[in-house]
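Here is a short briefing on one structure.

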Amino acid sequence: MIYLDNAATSFPKPEPVYEALDRFARTSLANPGRAGHRMAIAAEEQLDAGRNTLNRFFRGEAPERWIFTLNGTDGLNIAIKGIVRPGDHVVTTDLEHNSVSRPLVALEKAGVISLTRLASEDGYLLPDAVRAAITPATTLVAMTHASNVLGTVQPIEPIATIVREAGAFFLVDAAQTAGVVPIDLRSLPVDLLAFPGHKALYGPTGIGALYAGPRTDGRLRPWREGGTGGDSSSPTQPQALPHALEGGTPNVLGVAGLTAGIAWVESRGPDELRCHEVDLLRRVVAWADDSNGWRIAGRWDPETHVGALSLIVPDPLTPQDLGAILDTSFDIAIRPGLHCAPYIHRRLGTYPDGTIRLSPGPFNTPDDIDAFLRALSEITVAMS
Ligand SMILES: Cc1ncc(COP(=O)(O)O)c(C=O)c1O
C-alpha cells in the first residue's frame, strides 16, 4: 500500500520507535508509581524522560507543565473545559477540527460561553481579524496552528502577541505542526499547546500531550479526577502539575514510543521533514495546474505549508468514490470527506462531500506521488 494519510496518523513509524515500544513492553510495562517496586520506578522514569524530552524539544518552562493525554482531542478538551468560566467570550476560527469546535459549541449551547468564529481567507486567518473580535469579556482564543484540511500554517506569532496584550489565554492546536514546524514556547506567548503524539512526532496512537503555561496556574480545573500514583491520602485531586490533570494510569508505553519518536525528529530536524513533504506536494500542485478540472483547495504557499493538501474533485466523481477506487484498485490510502473540519468546507464550498486530502510522510518518495497522480489521471479519463 502507498500510504498518503499521515495527517490522520503517521505510518510507518521510524524503526527506533518500534524498537523502543518492543523493549519497553517486554521489560518495564508496569504501572508507574513513585513508591512502587523497581519496574514501577522504571515506568515512572519513562514518564519523566518523556516530559523532559517534550520540554526540551518545545522549550517549555518546566517538565511538569507537560500533561500526557490520550490524543489531541483529550488535551484540547482538558484545556478548553478547564479554562473557561460562565460568561466568558471565546474566539475561534472556521479552520478548526471538531476536537476544538465541538467542545466550544457544546459550551455555547449550554449557555456557559459566547463564541465568535472567525472566517479565514483562502485558508489563512488574518491577525487583524483576531484583534477586532476580542472584547473585554474574551478570556480564550482557541485555534489551530495549521489546517488539517488545507495544510496552511497560521500566523500564530502575531496572533499570540495580540492575545497576550488583551490579557486572554491562547490555546493552540498543534496537531498538524508538532514535529514539522519549530515551536519555541520561551519566545511564543502561548498559554496552552495541545497535540497528539501519533502524527508527526511518530508515537503510537493513544498518546498526546498538553502544555500548561504559567499563566494558567490556579485557573485550569481538572475535569477528570482519580488515582495519580502518589498523594493517595488526599480526598481531592492533587493541585500540582502534572498530576492535577492526569488522573488514571497513563499510557506509559505510548510515552516510550513518543519519546523515541521525538528523538528521531530531533535527529532529522523539523524543517527538513516539512520540506521533504512539501517538495512531494509540489508535484501534485504542478499536476493540478496542468490538468483539466482538478483544483487545489486554499492558497498554496510552500513556505507556510505542512505536508497536507486538499484537491477539489471534479464532477461527476465524488471524494468518497475516489477514495474507495484508490484504495481497492490502486492500493493507495488517502482521506476523502470533511476531515472532521466541517466549517472550512462550508467556507470553501466543498460541503458536504468534502475533498480528497493527501498527506505524505518522511518515508514517501516522488515515485509514490507519481503513482498517485497516474491513478488520478486514469480514473478521471475512465469517468469522463
Ligand atoms: C488539526 C487537528 N486537531 C485535532 C486533531 C485530533 O487529534 P486526535 O485524533 O489525536 O484526537 C486532529 C486529528 O486529525 C487534527 O488534525
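Helices (H or I, at least four residues) and strands (E, at least two) are DSSP runs, numbered from the N terminus. The model is predicted: local features need pLDDT of at least 70, side-chain atom pairs count only at pLDDT 80 or more, and totals for chains, interfaces and linings use all residues. Residues are numbered from 1 along each chain as its sequence is written, and side-chain values use heavy atoms, with hydrogens and water left out.

**Backbone exceptions**

- Most residues other than glycine have a negative phi, and most peptide bonds are trans.
- Pro 352 sits in the loop between helix H10 (342-348) and strand E13 (355-358). The peptide bond from Tyr 351 to Pro 352 is cis, with omega near 5°.
- Leu 241 and Pro 242 are also joined by a cis peptide bond, with omega about 0°. Pro 242 belongs to the loop between strand E8 (208-212) and helix H7 (252-268).
- Asp 122 is not a glycine, yet its phi is positive, about 60°. Its loop runs between strand E4 (113-118) and helix H5 (127-133).

**Ligand site**

- The ligand is surrounded by 13 residues; a residue counts as near if one of its heavy atoms lies within 4 Å. The closest are Thr 73, Asp 173, Gln 176, His 198 and Lys 199.
- Polar contacts are pairs of N or O atoms within 3.5 Å. Thr 73 places a polar side-chain atom 2.5 Å from a ligand oxygen atom.
- Asp 173 has a polar side-chain atom 2.5 Å from a ligand nitrogen atom.
- An N or O atom in the Gln 176 side chain is 2.7 Å from a ligand oxygen atom.
- Taken alone, the ligand exposes 400 Å², and the protein buries 88% of that. Accessible areas come from the Shrake-Rupley method with a 1.4 Å probe.

**Helix pair H3 and H4**

- The axes of H3 (residues 72-83) and H4 (residues 98-109) come within 9 Å and cross at roughly 35°. Axes are lines fitted to C-alpha atoms over the stretch in contact, and angles run from 0 to 180 degrees between N-to-C directions.
- From H3, the contact (heavy atoms within 4.5 Å) uses Thr 73, Leu 76, Asn 77, Ile 80 and Lys 81. H4 supplies Ser 99, Val 100, Pro 103, Leu 104 and Leu 107.

Terms used
A polar contact is a pair of N or O atoms within 3.5 Å; within protein, one must be able to donate a hydrogen and the other to accept it, and residues adjacent in sequence count only if both atoms are side-chain atoms.
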